[in-house]
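Here is a short tour to read alongside the coordinates. Please keep your viewer open and follow along from the overall fold to the local details.

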Amino acid sequence: MPLRDPRWVVTAAAAVVFVLLAATLAPVWDGTAEVSDVPHYDNLGSRVQLGAVPYRDVAFEYPPGALPAIVVPAYLSHTLEGYAQVFAAGMVLCGVAAIVFAAISLAELGAGVGRTAAALSVPALSPVLLGPLLLTRFDLLPAALAVGALAAVLAGRDRLGGGTLGLGVAVKLWPALLLPLFLVWWRRRRDWRFALAALAICFGVAAAIVLVPWIALAPAELVESLWRQGARPLQIESLGAAVLLAFHHAFGMPLGWASSSGSQNLTGAVAVVAAAVTSLAQLAVLGWLWWRFARGPFEGERLVRYAAATVVAFVALGKVLSPQFLIWLLPLVPLVAGVRGVAAGLLLACACFLTRGWFPGEYWALVKQFDATASWLVLARDATLLALLAVVAWPTTAKERGPARSPTRVPLPDRT
């Protein structure tokens with residue numbers, strides 16, 4: 001995109017709006033945000049600053065790539081308020097980066113000024129959509145890296161895209177969901193040898209951050225930390241839990257809850273069954289999406305749509321659905337083209353506003369008393385995410401439903 005392109009003006013305006021709105025979130029900057037992860041991050045960072053080794057001496061539930069975002073603010077401040085300010089400033093930079101990468105993706109797709117403005121309005125307005133939640137978790141960092149990897153791949157810089165995605169995986173594992181799509185894209189662009197080389201770069205970057213330093217220092221603790229993420233129980237805001245809460249209020253189904261794995265979860269046999277059912281549905285839908293993408297034409301619009309659909313499916317159908325997971329969708333979903341993209345953006349905004357209906361103010365009422373209003377809001381939000389998944393993923397044309405076709409354009413050269 002040339003520097004004088006008017007789409008850069010739109011991008012700059014979106015970034016400015018994002019920064020100004022972020023600056024209005026007073027509880028973020030004075031360290032008083034409710035149900036915030038910042039005090040936990042501050043504690044972890046302070047202990048590392050004093051010489052503790054993550055995983056070995058400090059229970060660290062995140063992948064090693066998250067350490068800079070959590071630890072560096074502790075070196076730059078000595079109070080919780082100061083830590084909160086430095087951490088939030090870092091997340092604002094990540095949000096700006098996500099907007100820029102989304103704009104580059106749109107330019108590679110040939111989007112005009114109007115589509116670019118509409119798409120970037122969603123991440124630009126995200127401080128309003130999600131409130132303090134946006135800057136009190138580090139999820140803007142992997143979200144920016146995921147859309148950055150997508151932008152690089154669309155621009156023909158596949159090795160850079162693979163490395164950026166590997167960095168995102170090292171920060172928070174979910175960007176690995178895009179790997180099957182990228183692998184198909186790389187194979188279509190060149191051949192399997194090229195695809196495997198790009199995949200090796202992705203794995204190499206992730207391994208350099210995860211395996212080399214931390215397995216050498218604390219292998220058992222690191223493996224246990226990653227295992228805990230996969231073995232988490234049914235989180236109270238997930239789709240399965242929302243259905244059980246609805247049964248609780250409509251038919252008196254008894255439910256219990258407990259805190260574990262860094263979240264509040266429903267307990268009992270029925271919760272275990274609901275977690276298993278939703279997890280199986282999640283795997284089935286993800287497999288279907290990857291298979292559909294592999295069978296269809298080689299088009300950038302399909303790549304961004306299936307990337308968005310894949311992450312939406314993972315979020316909507318998972319047994320864990322923390323509010324910050326919506327942050328992952330902010331730069332990806334608006335990239336979808338046409339009426340489908342407009343509908344998707346509106347549904348995403350609706351899901352964000354519904355989340356604010358109980359989080360953070362009524363979160364503990366939801367957990368401890370299974371508050372009826374909050375419970376129905378959770379179900380409405382999760383149903384909205386299912387609708388978003390249907391809008392983004394469902395094949396609506398013969399071209400989408402048909403068998404694999406030859407590329408509709410000449411593949412871009414690798415410009416890495």
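## Overall fold

How many helices and strands does the protein chain have? There are 20 helices and two strands in the protein chain. The radius of gyration is 21 Å, close to the 22 Å that the globule rule gives for 416 residues, so the chain is as compact as a globular protein of that length. Please keep in mind that this is a predicted model.

Along its principal axes, the C-alpha trace spans about 55 × 55 × 45 Å. Of the 416 residues in the protein chain, 54% are buried. If we take contacts between residues at least 6 apart in sequence, 78% of them join residues at least 24 apart.

## The nonpolar core

Which residues have the most contacts inside the largest nonpolar core? They are Leu-135, Phe-138 and Leu-329, and the core itself has 133 residues. Leaving aside residues up to four places away in sequence, Leu-135 touches Ala-22, Leu-25, Val-28, Trp-29, Phe-87, Ala-88, Met-91, Val-92 and Leu-140.

## An enclosed helix

Next, have a look at helix α10, which covers residues 179-189. Eight of its 11 residues are buried, so α10 is largely enclosed by the rest of the structure. The buried residues of α10 include Leu-179, Leu-181, Phe-182 and Val-184. Trp-185, Trp-186, Arg-188 and Arg-189 are buried in α10 as well.

## Around helix α6

Thr-116 is found in helix α6 and is buried, with a relative accessible area of 1%. Where does its side chain reach? The side chain of Thr-116 reaches the backbone oxygen of Gly-112 at 2.7 Å. Not counting residues up to four places away in sequence, Thr-116 also touches Arg-7, Val-10, Leu-106 and Ala-111.

Leu-125 sits in the loop between α6 (113-124) and α7 (126-130). With a relative accessible area of 39%, Leu-125 is partly exposed. Its contacts, again leaving out residues up to four places away in sequence, are with Val-17 and Leu-21. The C-alpha atoms of Leu-125 and Leu-178 are separated by 25 Å, and these two residues are 53 apart along the chain.

## The hairpin

Do the strands β1 and β2 run parallel or antiparallel? Strand β1 (residues 256-260) and β2 run antiparallel and are joined by five bridges. One of the pairings to look for is Gly-256 with its bridge partner Thr-267 in β2.

Together, β1 and β2 form a hairpin with two residues between them. In the turn, Ser-261 has a positive phi of about 55°. Strand β2 (residues 263-267) is largely enclosed by the rest of the structure, because four of its five residues are buried.

## Backbone geometry in the loops

The peptide bond from Phe-359 to Pro-360 is cis, with omega near 5°. Pro-360 is placed in the loop between α17 (338-356) and α18 (363-369).

Val-35 lies in the loop between α2 (26-29) and α3 (38-49), whereas Phe-370 lies in the loop between α18 and α19 (372-393). Are these residues buried or partly exposed? Val-35 counts as partly exposed, at 24% relative accessibility, while Phe-370 is buried, with a relative accessible area of 7%.

## Cysteines

How many disulfides does the count come to? The count comes to zero. The closest cysteine sulfur to that of Cys-94 is in Cys-352, at 18 Å, which is too far for a bond. For Cys-202, the closest cysteine sulfur is in Cys-94, at 19 Å, and that is also too far for a bond.

For comparison, the cut-off for a disulfide is a pair of cysteine sulfur atoms within 2.5 Å. Cys-94 is buried, with a relative accessible area of 12%. Cys-202 counts as buried too, at 1% relative accessibility.

Note on methods. Residues are numbered from 1 along each chain as its sequence is written. This is a predicted model: local features need pLDDT of at least 70, side-chain atom pairs count only at pLDDT 80 or more; totals for chains, interfaces and linings use all residues. Side-chain values use heavy atoms; hydrogens and water are left out. Buried means under 20% relative accessible area, exposed over 50%, partly exposed in between (1.4 Å probe, protein chains only). Contact means heavy atoms within 4.5 Å. A polar contact is a pair of N or O atoms within 3.5 Å; within protein, one must be able to donate a hydrogen and the other to accept it, and residues adjacent in sequence count only if both atoms are side-chain atoms. Two strands pair if DSSP finds at least two bridges between them. A nonpolar core is a set of buried Ala, Val, Leu, Ile, Met, Phe, Trp, Tyr and Cys residues joined through side-chain atoms within 4.5 Å. The radius of gyration is taken over C-alpha atoms; the globule rule is 2.2 Å times the number of residues to the power 0.38.
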